[in-house]
Amino acid sequence: VMPITRIVWLVLLVSVAPVLHADALSFSWLDLAATSLQPDQGTAGHGGRLALSYALSNQAFMYVDGSQQAFDTQRDRRYDFGVGINTDPAAGYVLYATVGWDHAGVDYPAAPGRLAHGFDAGVGVRTLLAEHWELDAGAHYAHNEVLAESTSGDIGIRYALTTHLSLGAGLVVDASQTTYLLSLRIYY
């Protein structure tokens, strides 16, 4: 739980932010996220994610993503990289598709870690709701024997503080857990 002083500073920062939106629907960004994990069974966990996307052109991009989750009985790690295509962002929304390589690992205190490689694919939409607000949603499939679930869906919303910085909140849902995210995205 975030201390009240941090919440007050966050509210003040958002209220005095310039009236700008983040770099429209750019695919060139660095995203830092803190996660809270709520499994359907078992104890809750926490973690973090670092994601990087780089626009190769107006309608193609590459991505790298790394995350780690910690529970009382295990620690999970996942790394992905790949490429994606998207529709023209000038319309105020983009549809996109991705395909890439997936690496996952699970460590249990009483057993050595299990590692596996596979592939992942996804589709999604990003849209500008208003001058400061962006909404995104996606569906993903990962073919990897270490992962408990192969399909997931996500939804998120971002508020642009400046043309190069936005704050976001979202969730990722699969058949066994819900992951809540708070993120800071830096556009370059």
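## Close-up views of rings, charges and strands

**View 1. The charged end of R185 sits over the ring of W29, 3.7 Å from the ring centre.** For a charge to "sit over" a ring, NZ of Lys or CZ of Arg has to be within 6 Å of the ring centre and within 35 degrees of the ring normal. R126 does this too: its charged end sits over the ring of F27, 4.7 Å from the centre. Before moving on, note that this is a predicted model, where local features need pLDDT of at least 70, side-chain atom pairs count only at pLDDT 80 or more, and totals for chains, interfaces and linings use all residues. Residues are numbered from 1 along each chain as its sequence is written, and side-chain values use heavy atoms, with hydrogens and water left out.

**View 2. Here are F61 and Y96, an edge-to-face pair.** The structure holds 7 aromatic pairs; rings of Phe, Tyr and Trp (its six-membered ring) pair if their centres lie within 6.5 Å, and planes under 30 degrees apart count as stacked, over 60 as edge-to-face and the rest as tilted. The ring centres of F61 and Y96 are 6.5 Å apart with the planes at 75°, so that makes them edge-to-face. F61 belongs to strand β3 (residues 60-70) and Y96 to strand β5 (residues 93-108), so the pair ties together parts 35 residues apart in sequence. Strands (E, at least two residues) are DSSP runs, numbered from the N terminus. F61 is buried at 4% relative accessibility, and Y96 is buried at 15%. Buried means under 20% relative accessible area, exposed over 50%, and partly exposed in between (1.4 Å probe, protein chains only).

**View 3. Now for a tilted pair, F119 and Y141.** Their ring centres are 6.1 Å apart and their planes at 50°, so the pair counts as tilted. F119 sits in strand β6 (residues 111-128) and Y141 in strand β7 (residues 133-143), 22 residues apart. F119 is partly exposed at 40% relative accessible area, and Y141 is partly exposed at 35%.

**View 4. Zoom in on A51, in strand β2 (residues 45-57).** A51 is buried, with a relative accessible area of 4%. Leaving out residues up to four places away in sequence, A51 touches W29, L30, D31, V64 and D65; contact means heavy atoms within 4.5 Å. A51 and R185 are 134 residues apart in sequence, yet 9.2 Å apart in space, C-alpha to C-alpha.

Definitions and conventions:
Helices (H or I, at least four residues) and strands (E, at least two) are DSSP runs, numbered from the N terminus.
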